[in-house]
Structure formats: structure tokens, C-alpha cells
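Please view the model below first.

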Amino acid sequence: MAKTIQIHDTAFITSAFRASNETLSLDPYAKLWTNKGAQDWSKNYLNKVSKHEANAHCLRNRYFFNTINTLLKANKIKVLINFGSGFSMYPYCLDSSLINIEIDKPEIIEFKQKQTKQFIASGKLPERNIQYIGVDFNDDYQEELQKKINAIVKNQSSFILLEGVLFFLKMKEAKTLFNFFNSIQKQGDYIASASFRENIQETSAFKKLLQFTASETNIIDYLTVNDDFYTEIKNYKLIDDQDYFTLSKKHLNLTNIDNNNVLNERFYVLKNITDK
């Protein structure tokens, strides 16, 4: 890993967090991505930003895994489309019947595809149906990407996962992305997203995060959104939202947590309600 963390390096750090407690994250494969650099950066992050971040990432992974798994078992989805997939390992934790589309920057997709092939060959990962798509989101990507996705989905029910992405976008880009989601989904399909509310900016943990990103990364801009960002999305209905506090109470039995020292990321699930 570089001396200065790049956006794609956060994929290694997130994996290190998920691997720190497999029982909590329900991800037995995240450890395949861990290395000394990621472990050092993650420890530095926990010390300088928030000690709760490892559990927060484990809980986020658990929530999205459980949500997808429940819908898959109920035969309500056939395809998982992971935008900004990074090194997440959902396909290997879920049933092999699921069709997976992983979308990220070309360099991340190339590296992940190469590494996972090696992991499968060595028996560290099971075989899965995964279609990889590398996209430069700075280009005019929508028309070509829509063709590729539609060719794989073939009008089957889909679940779009947008995890750890919105923070790095501008508001215009975020709205464009959700409009794109609407163009590739139909009634009964789902979107799940993770983001921070605007009031997170008042907390000590978020101020420490900004200090950390300024000194350790090349990430300058960020996006926070309130609940109305999701409730006002055309053709979708918000059907569930959770956060670190609700999930830590449920899975860790923790109730006395100082809100000021937690990066309280919120998790949303939306359902397409329009018949096209």
C-alpha cells in the first residue's frame, strides 16, 4: 500500500475490519485480503478516528448479507449487482444459485478478478457465478454499462448494493447514479445503500475522520445525505433503515455508546414500486 491511502486502498482496510471479527461480520473470506499494510493502516485509523470502526464495518457487512440472503432464500432476487464492490466477498458467502455482477474501477476489478481466480485454484474460495465490469465513472458510462448489465440480468429480479460509495461522490453524481439504477430495475427490485446523515459533521468522530483523510489520504470532498434523499427517489419506497446503534444493540447487546465518538453510518433498503 502507498504511503498515502488512495480510494482503492480503503478496500484493503475495510477487509481488515471485516476480518477482525468473523463471527460478527459473517464473512470468513475477508482475511484473504489482509496484509501488514492494511493492518497497520486500520490500527492507525482506529486510534485516530474511532475505536468503534471495526465493529461498525462488521455490522454493516452482516446487515447487508442478512438482507440479501433473506431475499434470496425467499426467491425474491436472482441477481446481485454490487456497485463499488471493492474486495467484498458476498458471492462466496451466499448460495451459488445467485448471479453476481461486480462493478468498480477497472484497476480494482482487474486485481480482484486475478486474485480470486488464484484463491479458487488453491481451494481458498468456492466457485461462483460472477461477472466483472470495470467502469471509469468519470467518463460517460451509462449507456454502455446499461447494455452490459441488461445482457446479464435478462429481466430477472435484482438487488443493487451501493456500499461505501456515496461518501466519495458529489450530490449530482449520486442523483445521476440512482436515476441509472431506476433505468435498469423493475417493480419488486431492491437497492441497498450506506451513507452518513448531515448531522454526523457535528461529531468528534467525523471531525477526526476529516483530519485523518487530510493527513493520510488523497480524499478531500465528501457527501452526506439525510433520509429525504432516499424517500424522494422516484419509483422507490424506503422499506428499512438501520444504523450502528440499532445493530450493535441487536448483535452486541451494547446500549451505552457515546454518539459523539461513533461514525454512525446508516443503512437503507429501498424497493422499486413502479410497474414499467
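## Salt bridges

This is a predicted model. Arg-197 has a relative accessible area of 27%, so this residue counts as partly exposed. The side chain of Arg-197 meets that of Asp-227 in a salt bridge, at 2.7 Å from N to O. Asp-227 sits in the loop between H9 and H10, and Arg-197 in the loop between strand S5 (190-195) and H9, so the bridge ties together parts 30 residues apart in sequence. Asp-227 is also partly exposed, at 23%.

A salt bridge joins Lys-170 and Asp-221 at 3.8 Å, N to O. This pair links distant parts of the chain, 51 residues apart. Lys-170 lies in the loop between strand S4 (158-162) and H8, and Asp-221 in the loop between helix H9 (204-216) and helix H10 (228-231).

Glu-22 pairs with Lys-31, with the closest N and O atoms 2.9 Å apart. Glu-22 is partly exposed at 31% relative accessible area. Lys-31 is partly exposed too, at 43%. Salt bridges also link Arg-18, Arg-60, Glu-163 and Glu-265 in a network. The whole structure holds 12 salt bridges.

## Negative patch

Glu-107, Glu-110, Asp-136, Asp-139 and Asp-140 form a negative surface patch. Glu-110 belongs to helix H6 (residues 106-121). Its relative accessibility is 60%, so Glu-110 counts as exposed.

## Helix H8

Helix H8 (residues 171-184) has 14 residues. The helix reaches 20 Å from its first C-alpha to its last, close to the 20 Å expected at 1.5 Å a residue. Buried residues in H8 include Ala-174, Leu-177, Phe-178, Phe-180 and Phe-181. Asn-182 and Ile-184 are buried as well.

Terms used: Residues numbered from 1 in each chain as written. Predicted model: local features only at pLDDT ≥ 70, side-chain atom pairs only at ≥ 80, totals over all residues. Heavy atoms only, no water. Patch = residues over 30% accessible without salt bridge, like charges linked within 9 Å, V, L, I, M, F, W, Y side chains within 5 Å. Areas by Shrake-Rupley, 256 points an atom, 1.4 Å probe, with all protein chains shown as cover. Salt bridge = Lys/Arg side-chain N within 4 Å of Asp/Glu carboxyl O. Lys, Arg positive; Asp, Glu negative; His and termini not counted. Charge placed at Lys NZ, Arg CZ, Asp CG, Glu CD. Helix = DSSP H or I, 4+ residues; strand = E, 2+ residues; numbered from the N terminus. Buried < 20%, exposed > 50% of the residue type's maximum accessible area, 1.4 Å probe, protein only. Expected span 1.5 Å × (residues − 1).
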